[in-house]
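Here's a quick tour to read with the model open beside you.

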Amino acid sequence: MKETENQNGKPKPAVHLFEYEDGPWPCSVSIVPHLHDVAEAVADYIARISEESIKARGYFSIVLSGGSLVKALSALVKEPHASKLNWSKWFVFWADERMVPISHADSNYNDAKHEFLSKVPIPDDNLVTIDDWDVCSAAANGYEARLKEMVKRKILHTTNVNHHKFPRFDLVLLGIGPDGHVASLFPNSLQLAETKKWVVPITKSPKPPSRRISLSLPCINGAAHVAIVVVGSSKAEVLQRVFERPALPGALPAQLVRPRHGELAWFVDKQAAGRLSIEHYNDPKKFPFLDWSSLKEAKESTGNQI
């Protein structure tokens, strides 16, 4: 918290580092039985947005994260998607990266390469990776410069988030950590409160490796689509906290992922959804912060969604 002075020299009320969001939380949630069902649902979702984006602008910009998320991309390398997607028009970015060479086992790029990128014909020039892993601030500034170069080339467009310009990715794919972190934005960190920078350096990550860079929260929230993939019983507790227990801003970064002019979709397997009180989600008295206007539509599209 910090205090400022008004024109009369009197202190203004303390301002919280993290933005408070008003109103319900609009999103759609797909709950399916197993990881391979999640992979198929995510693949269908990505394929649809890819086709729409390429048709509208000539390119598709997708942002990947690390961890188990890339395993959910397995269905994209199989038919019917593998031969139908226009891979040459894809541009791939990263929501966060560890400060290690991209060939290192800890590199998010390296994970994506082995699980996904090596199996599809996306041109190497379309993979926008970090090129400095010695100094966090230099790596963050360098990656932001690469994003701005993509704006100049009209691969990316921009949008306004809280009166500042940020890139408008077609799709940002995120996982969620057991503490509720997304990308490398950890609970109550100063980086989570960033409002102007596109990319932030992290020098003391609570999860090793400690040195990283990450897209800022408004950079993520500037996307046209954000999808969060959650699988496994180990994520059941944090998913329940994110969906059902409103926290102070900053305590659960995943609760702050709210695209300002876009769509938010969750893809969850039944193990991760094991603690959710789904049967009560239409009760505004119990869950006034959830907007389930898409609930009926999702049910009609597939019996495995809510």
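**The cavity and what surrounds it**

Searching the whole structure turns up 1 cavity of 30 Å³ or more. Keep in mind that this is a predicted model.

**Lining of the cavity**

- The largest cavity holds about 30 Å³ of space.
- Which residues line the largest cavity? They are Trp94, Ala95, Asp96, Glu97, Ile130, Tyr143, Val199, Ile213, Ser214 and Leu215.
- Strands E5 and E10 each put at least two residues into that lining.
- E10 gives the largest share of the lining, with 3 residues.

**The antiparallel sheet**

- An open sheet is built from 3 strands in the order E5-E10-E9, and its pairing is antiparallel.
- E5 (96-98) and E9 (199-202) are the edge strands, so called because each pairs on one side only.
- From one strand to the next, the twist averages 15°.
- E5 and E10 (residues 212-215) run antiparallel and are joined by 3 bridges.
- To find this pairing on screen, look for aspartate 96, which stands opposite serine 214 in E10; Asp96 and Ser214 are also among the residues lining the largest cavity.
- E9 and E10 pair in the antiparallel sense too, over 4 bridges.
- For that pairing, look for isoleucine 202, which sits opposite arginine 212 in E10.
- Which way do the residues of E10 point? Arg212 and Ser214 point one way, Ile213 and Leu215 point the other way, and all of them are buried.
- Helix H4 (residues 136-152) lies across E9 and E10, and runs at about 165° to E9.

**The parallel sheet**

- Another open sheet has 6 strands in the order E2-E12-E11-E8-E3-E4, with parallel pairing.
- Its edge strands are E2 (28-32) and E4 (90-94), each of which pairs on one side only.
- The twist here averages 20° from one strand to the next.
- E2 pairs with E12 (residues 263-269) in the parallel sense, over 5 bridges.

- Aspartate 37 has its place in helix H1 (residues 35-57).
- Buried or exposed: how does aspartate 37 count? Its relative accessibility is 18%, so aspartate 37 counts as buried, the cut-off being under 20%.
- Along the chain, aspartate 37 and phenylalanine 267 are 230 residues apart, yet their C-alpha atoms are separated by 9.6 Å.

**Histidine 81**

- Histidine 81 lies in helix H2, which covers residues 81-84.
- Its relative accessible area is 11%, and because buried means under 20%, histidine 81 is buried.
- What does histidine 81 touch, leaving aside its neighbours within four places in sequence? Its contacts are Ala43, Asp44, Ala47, Ala75, Leu76 and Trp87.

**Helix H6**

- H6 spans residues 236-244 and is mostly covered, with 7 of its 9 residues buried.
- The buried residues in H6 are Ala236, Val238, Leu239, Gln240, Val242, Phe243 and Glu244.

**The chain overall**

- There are 7 helices and 13 strands in the chain.
- How much of the chain is buried? Of its 306 residues, 51% count as buried.
- Taking contacts in the chain with a separation of 6 or more, 74% come from residues 24 or more positions apart.
- The chain's accessible surface comes to about 14700 Å², and carbon and sulfur atoms account for 49% of it.

Terms used
Residues numbered from 1 in each chain as written. Predicted model: local features only at pLDDT ≥ 70, side-chain atom pairs only at ≥ 80, totals over all residues. Heavy atoms only, no water. Buried < 20%, exposed > 50% of the residue type's maximum accessible area, 1.4 Å probe, protein only. Contact = heavy atoms within 4.5 Å. Pairing = 2+ DSSP bridges. Axes fitted to C-alpha atoms, helices over the stretch in contact; angles between N-to-C directions. Areas by Shrake-Rupley, 256 points an atom, 1.4 Å probe, with all protein chains shown as cover. 1 Å grid on protein atoms, 1.4 Å probe; cavity = no way out; pocket = protein on both sides within 12 Å on 5 of 7 lines; lining within 4 Å. Points joined across faces, edges and corners; volume = space filled by probe spheres on them.
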